[in-house]
Amino acid sequence: MGSVTPVTDRRILSSTELFASLPEEMVERLRAKARDRSLAKGELLFSQGDESSDLYVVMEGRIAISTRSSDNRESMVAVLENGGLFGEMGLFAGGPRSAAARALSDPTPLASPFGRGAPAAPRRPSALLRL
């Protein structure tokens, strides 16, 4: 598993559609809580069915998002690059991960603004306003 370090680039969160319209002080609070997580090429970040507790932004490299059917066939849903946001569905809708995420390049640092085990890792977008 890759290393985890604090996010230092202030622009990465404010460049995403979800956070771009938030006031700068809220984005800064999110950045202060965020962590970079470097992955090796081919490393699985999370699997379909895992608990949803983090939201990610691709800071560098590429991430593949895929699902598995009941007969275990894998389907590529998306390939995300710099600035791509993922992992938000479980946070806002509740429930387990609907897809898997795997690093396609080495390294792939990611920001996780809500962090593992964040209280009610917002299930409603309005919860962002309380951060």
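The structure is a predicted model. Begin by colouring the protein by pLDDT: the mean is 80, and 80% of the residues reach 70 or more. Among the elements, select strand β5 (residues 63-68), which has the highest mean pLDDT, 96; strand β1 (residues 4-6) has the lowest, 65. Next select residues 116-124, where pLDDT stays under 50. The model has 16 contacts beyond four places in sequence for this stretch.

Now move to helix α3 (residues 24-33) and display its buried residues, which are Met26, Val27, Leu30 and Arg31. These residues lie on the same side of α3, because they cover an arc of only 140° around the axis. In general, an α-helix has 3.6 residues a turn, so residues three or four places apart point the same way.

The whole structure contains three aromatic pairs. Select Tyr56 and Phe86: their ring centres are 5.4 Å apart and their planes lie at 20°, so the pair is stacked, the limit for stacking being under 30 degrees. The pair links distant parts of the chain, with Tyr56 in strand β4 (residues 56-58) and Phe86 in strand β7 (residues 85-86), 30 residues apart. Both Tyr56 and Phe86 are buried.

Finally, select Arg97: its charged end sits over the ring of Phe46, 4.0 Å from the ring centre.

Terms used: Residues numbered from 1 in each chain as written. Predicted model: local features only at pLDDT ≥ 70, side-chain atom pairs only at ≥ 80, totals over all residues. Heavy atoms only, no water. Phe/Tyr/Trp six-rings, centres within 6.5 Å; stacked < 30°, edge-to-face > 60°. Helix = DSSP H or I, 4+ residues; strand = E, 2+ residues; numbered from the N terminus. Buried < 20%, exposed > 50% of the residue type's maximum accessible area, 1.4 Å probe, protein only. Lys NZ or Arg CZ within 6 Å of the ring centre and 35° of its normal. pLDDT = per-residue confidence, 0-100. Contact = heavy atoms within 4.5 Å. Arc of directions from axis to C-beta.
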